[in-house]
Amino acid sequence: MALDYVFTKLSNKGGELCGHYPLDILVLQSAKEDCGLAPTGAEMNREYNRTSVESSRFARARTRFAVPVILLGTTNICRSATLSNTGEILMREGGDFVSKLLTDINGYWNGTSDQSTTSSNMTSSVRYTRGVAEQAIDDEDNFDEEQDSILASSYAGTASILEPLAHCESKVDRYRQSDVELLKSLRVRYICDLMVEHRKYKYGVPVTSSEKADTHDRYKDFKIA
């Protein structure tokens, strides 16, 4: 591959981005002039980086975010899983947080990391928790402002049920919007949906869904086949 393409590596050490992808994810940038392949002109996928991936990976089932695997001229052919729903997003996000925290604690007790690094990471974990709580409060406030007329006529018990649901919906929206931005940075125009059903259920709970089933029509700019 190094003889034919210019590419960058996205580190996935320990499966920190996705446990189902290789340790090094190769992101093709352009074909070399003397390789006999269709020229790409300017380098592709320069906006595809760790930051864009981390902000969108929970939008896809098992965090299998979109990865460009074939570069034909200026066209990316990518692979990814289908969309994850609220239940999986919360499960994966919580599992990721706990895994990082346990790794830091284990490294400290086994002497594989120094105390200052571990303390710093644990402090970051605490800040992350506070950040999630603060974001939840912000989302709740925004939701309350937009739904004043509805909540004013609701019982207090009903409002207490709607608040966490609104936060979950906000979380799904944030990840899916980031997923849309990631696809656009890869210049994706067509999505080949291999799911027969619109939603996949486990024990009666929807865990994944097709782009066609997105109720907010976030994927309207793509042609879904």
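Leaving aside neighbours within four places in sequence, which residues is Arg57 in contact with? In this predicted model, the contacts of Arg57 beyond that range are Glu16, Leu17, Thr63, Phe65 and Asp96. Arg57 is located in the loop that runs between helix 1 (50-54) and strand 3 (67-72). Because its relative accessibility is 6%, Arg57 counts as buried. With Asp96, the contact includes a polar one between the two side chains, at 3.1 Å.

Asp96 belongs to helix 2, where the buried residues are Glu88, Ile89, Glu93, Asp96, Asp104 and Gly107. Helix 2 covers residues 86-109, 24 residues in total. The distance from its first C-alpha to its last is 35 Å, close to the 34 Å expected at 1.5 Å a residue. Just after helix 2, the phi angle of Gly111 is positive, at about 75 degrees.

The protein as a whole contains five helices and nine strands. Their order along the sequence is β-β-α-β-β-β-α-α-α-α-β-β-β-β. The protein has 225 residues, of which 34% count as buried. Among contacts between residues at least 6 apart in sequence, 59% join residues at least 24 apart.

When neighbours within four places in sequence are left aside, Ser80 is in contact with Tyr21, Arg60, Arg64, Phe65 and Ala66. Ser80 and Ala61 are 19 residues apart along the chain, and their C-alpha atoms are separated by 8.6 Å.

Asp214 is placed in the loop between strand 8 (205-209) and strand 9 (223-224). Its relative accessible area is 7%, so Asp214 is buried. The side chain of Asp214 makes a polar contact with that of Arg218, at 2.4 Å. Apart from neighbours within four places in sequence, Asp214 is in contact with Arg176 and Tyr219.

Tyr219 also takes part in an aromatic pair. A pair of aromatic rings is described by the distance of the centres and the angle of the planes. The count of aromatic pairs in the structure is three. One of them joins Tyr219 and Phe222, whose ring centres are 6.2 Å apart and whose planes make an angle of 40 degrees, a tilted arrangement. Tyr219 is buried, with a relative accessible area of 2%, and Phe222 is buried as well, with a relative accessible area of 7%. Elsewhere, Arg174 lies over the face of Tyr175, at 5.8 Å from the centre of the ring.

No disulfides are present in the structure. The two cysteines considered here are Cys18, which is buried at 0% relative accessibility, and Cys78, which is partly exposed with a relative accessible area of 28%.

Notes. Residues numbered from 1 in each chain as written. Predicted model: local features only at pLDDT ≥ 70, side-chain atom pairs only at ≥ 80, totals over all residues. Heavy atoms only, no water. Helix = DSSP H or I, 4+ residues; strand = E, 2+ residues; numbered from the N terminus. Expected span 1.5 Å × (residues − 1). Buried < 20%, exposed > 50% of the residue type's maximum accessible area, 1.4 Å probe, protein only. Phe/Tyr/Trp six-rings, centres within 6.5 Å; stacked < 30°, edge-to-face > 60°. Lys NZ or Arg CZ within 6 Å of the ring centre and 35° of its normal. Disulfide = S-S within 2.5 Å. Polar contact = N/O pair within 3.5 Å; in protein donor to acceptor, adjacent residues only side chain to side chain. Contact = heavy atoms within 4.5 Å.
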